[in-house]
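Trainee: Could we go through this model together? I should like to begin with the helices and then turn to the aromatic rings.

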Amino acid sequence: MGSVTNVDLAKLALRRGWRWLKSALRALEDGRWDDVVYSSQMAVEQASKAVLIAFGIEYPKEHDVSLAFKQLLGVEGIPRWFESMIPELANVISELAELRGLAGYGYEEGLDADYFKDYAPEAYEMAKKHFEACAKLLSQIYNISVE
């Protein structure tokens with residue numbers, strides 16, 4: 001068996017992110033608001049890590065990789081369109097990572113799924129935009145796709 005490259009790992013991470021994004025959409029359609037937020041966060045995390053892996057940037061083994069993601073600023077080979085999005089994308093990573101625990105374990109604080117009802121569609125749209133940007137970047141540079 002040959003060695004696995006960063007591009008191979010990035011492709012696997014991006015595909016995982018795609019599955020989480022599909023899960024977020026299904027949860028949105030089903031009205032499972034907390035699951036929308038949780039799955040959206042996971043989609044963002046996996047897509048972000050796919051980009052970091054592809055570019056050989058180390059990241060902490062935690063959900064909020066926004067600081068590592070900001071290291072993409074000024075990296076040679078990053079297109080301007082993506083570089084201009086990095087601050088916004090990093091904010092999405094942080095925002096959703098901060099809510100992940102509450103979305104997954106809010107019941108421990110007496111919260112039900114409806115707590116996220118108003119936020120869930122926004123979380124999904126942020127995750128979709130984030131995923132699409134990361135997928136476009138990886139497609140352009142490394143010919144990686146989710147198919």
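Trainee: What should I know about the source first?

Mentor: The model is predicted, so local features need pLDDT of at least 70 and side-chain atom pairs count only at pLDDT 80 or more, while totals for chains, interfaces and linings use all residues. Residues are numbered from 1 along each chain as its sequence is written, and side-chain values use heavy atoms, with hydrogens and water left out.

Trainee: What span should helix α2 have, and how far apart are its end C-alpha atoms?

Mentor: Helices are DSSP runs of H or I, at least four residues, numbered from the N terminus. Helix α2 covers residues 33–54, and its 22 residues should span 32 Å at 1.5 Å a residue; the expected span is 1.5 Å times one less than the number of residues. The end C-alpha atoms of α2 are 32 Å apart, which agrees.

Trainee: How many of the residues of α2 are buried?

Mentor: The count is 20 of the 22, so α2 is largely enclosed by the rest of the structure. Buried means under 20% relative accessible area, exposed over 50%, and partly exposed in between, with a 1.4 Å probe and protein chains only.

Trainee: What follows α2?

Mentor: Glycine 56 follows, with a positive phi near 70°. The loop between α2 and α3 (66–70) also holds proline 60, which is partly exposed because its relative accessibility is 35%.

Trainee: And which residues does proline 60 touch?

Mentor: Not counting residues up to four places away in sequence, proline 60 touches Val65 and Ala68, where contact means heavy atoms within 4.5 Å.

Trainee: Changing topic, how many aromatic pairs are there?

Mentor: There are 7 aromatic pairs. Rings of Phe, Tyr and Trp (its six-membered ring) pair if their centres lie within 6.5 Å; planes under 30 degrees apart count as stacked, over 60 as edge-to-face and the rest as tilted. Tryptophan 18 and phenylalanine 131 form a tilted pair, at 5.7 Å centre to centre and 35° between the planes. That pair links distant parts of the chain, 113 residues apart: tryptophan 18 is in helix α1 (residues 6–30) and phenylalanine 131 in helix α6 (residues 120–142).

Trainee: Is phenylalanine 131 buried or exposed?

Mentor: Phenylalanine 131 counts as buried, at 3% relative accessibility, whereas tryptophan 18 counts as partly exposed at 33%.

Trainee: Which rings form a cluster?

Mentor: Ring pairs link Phe69, Trp81 and Phe82 into one.

Notes
Helix = DSSP H or I, 4+ residues; strand = E, 2+ residues; numbered from the N terminus.
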